[in-house]
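Subject: Structure handover

Hello,

Here is the structure I promised to pass on. Please open it and keep it beside you as you read my notes.

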Amino acid sequence: MTDALGWRRKFGVIAPSTNTIVEPDFYSMTVPGVTSHFSRIHIRNQDLSSDADFENLLVQIRDEIGAACERVLTCEPDYMVMGMSAETFWGGVEGNREFVRQIHEITGLEVATGAEACERALKLFGARRIGVVTPYQPVGDENVVRFFSEIGFEVPAIEGLKCPTAVAIAHVTEDELRRAILAVDGPDVDAIVQCGTNLSMVRLADEAERWLGKPVIAINAATWWMALRDNGITDKVHGAGSLLRDH
């Protein structure tokens, strides 16, 4: 027997309790027969106003992620998707690998992370030099640059928006994001990557590709693309960027 709605695949998704963007983003990009089922990591202190506060958010995530995985396993998902991104970049390549190992050990399932999804997308596009937009404090940006540098990409420009709280990330406007995109773009930049799953940029990234003439990778779109393609689902999704539309 298969699930009445998730007859192709059921995805278990882990997201912070403060995140209001990744869930509707994933729903907007869904395809027939695929369902996503969210489990929330309880964020008790969402202050992100300094590097130390930002790192404290990750401590909370590490303390809670095991229980969040165990809860979503009760719906018997086929695959895991991380609806958060900072932790997937933390500690560079080895930090990402250890994170994936941890989720696999808890769930027994394969997992899509934002960091690996961006790596796959950039290699697909043949990019080498990238501009990056994040909602993070400097310590978060340092880990993002470290990850991309370790996998062979140059990051000549990164714009960290230094959002003061976890919820405030979702308050960043398209005008602010447009300015950030333009700030990290340049003739020597092959592609732009947006990190932070609570930043609403899927629709804007799709538009920005048309005005810039280069890939603009919104992390929620990239993560969803990785999840679909890892599971042999090749349906095209329109309005979420060239990755899901053409690849």
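Val132 has Val193 in β7 as its bridge partner. Strand β5 (residues 129–134) and strand β7 (residues 191–194) pair in the parallel sense, over four bridges. Two strands count as paired if DSSP finds at least two bridges between them. Helices (H or I, at least four residues) and strands (E, at least two) are DSSP runs, numbered from the N terminus.

Before going on, note that this is a predicted model: local features need pLDDT of at least 70, side-chain atom pairs count only at pLDDT 80 or more, and totals for chains, interfaces and linings use all residues. Residues are numbered from 1 along each chain as its sequence is written, and side-chain values use heavy atoms, with hydrogens and water left out.

**The strands around β5**

β5 also pairs with strand β6 (residues 154–160), in the parallel sense over five bridges. There, Gly131 has Ala157 of β6 as its bridge partner.

How many of the six residues of β5 are buried? Five are, which leaves the strand mostly covered. Buried means under 20% relative accessible area, exposed over 50%, and partly exposed in between (1.4 Å probe, protein chains only).

Now look at β7. Both of its faces are covered: Ala191 and Val193 are buried on one side, Ile192 and Gln194 on the other. Three bridges join β7 to β8, and the two run parallel. Ile192 stands opposite Val216 in β8. The chain crosses from β7 through α8 to β8, again as a right-handed β-α-β crossover.

**The β2-β1-β3-β4 sheet**

Strands of a sheet pair through backbone hydrogen bonds, either parallel or antiparallel. Four strands form an open sheet in the order β2-β1-β3-β4, with parallel pairing. Its edge strands are β2 (34–41) and β4 (111–112), each pairing on one side only. Eight bridges join β2 to strand β1 (residues 9–16). Lys10 stands opposite Thr35 in β2.

Met29 lies in the loop between α1 (22–28) and β2. Is Met29 buried or exposed? Met29 is buried, because its relative accessible area is 1%. The C-alpha atoms of Met29 and Val202 are separated by 9.6 Å, although the two are 173 residues apart along the chain.

**The pocket**

First, the terms. On a 1 Å grid over the protein atoms alone, a cavity is a set of points where a 1.4 Å probe fits but cannot get out; a pocket is an open set with protein on both sides within 12 Å along at least five of seven lines; lining residues have an atom within 4 Å of a point. Grid points are joined across faces, edges and corners, and a volume is the space filled by probe spheres set on the points.

The largest pocket has a volume of about 160 Å³. It has 14 lining residues, and the closest to its centre are Asn96, Val100, Glu116, Arg120 and Met226. The largest share, four residues, comes from α4. By class, the lining has seven nonpolar, one polar and six charged residues. (Ala, Val, Leu, Ile, Met, Phe, Trp, Tyr, Cys and Pro count as nonpolar, Asp, Glu, Lys and Arg as charged, and the others, Gly among them, as polar.)

Where does the largest pocket lie? Domain 1 (9–114 + 221–235) and domain 2 (116–218) both give residues to its lining, so it lies between them. The domain bounds come from an automatic or database domain assignment.

**The cavities**

A search of the whole structure finds two cavities of 30 Å³ or more. The largest cavity has a volume of about 190 Å³. Of its 18 lining residues, the closest to the centre are Pro16, Leu57, Met84, Ile169 and Thr197. α2 gives the most to this lining, with four residues. The lining of the largest cavity divides into eleven nonpolar, six polar and one charged.

The second largest cavity holds about 60 Å³ of space. Its lining residues include Phe125, Glu209 and Leu243. Here β8 supplies the largest share, three residues.

Best wishes

Notes
A crossover is right-handed if, with the strands pointing away from the viewer, the path from the first strand over the helix to the second runs clockwise.
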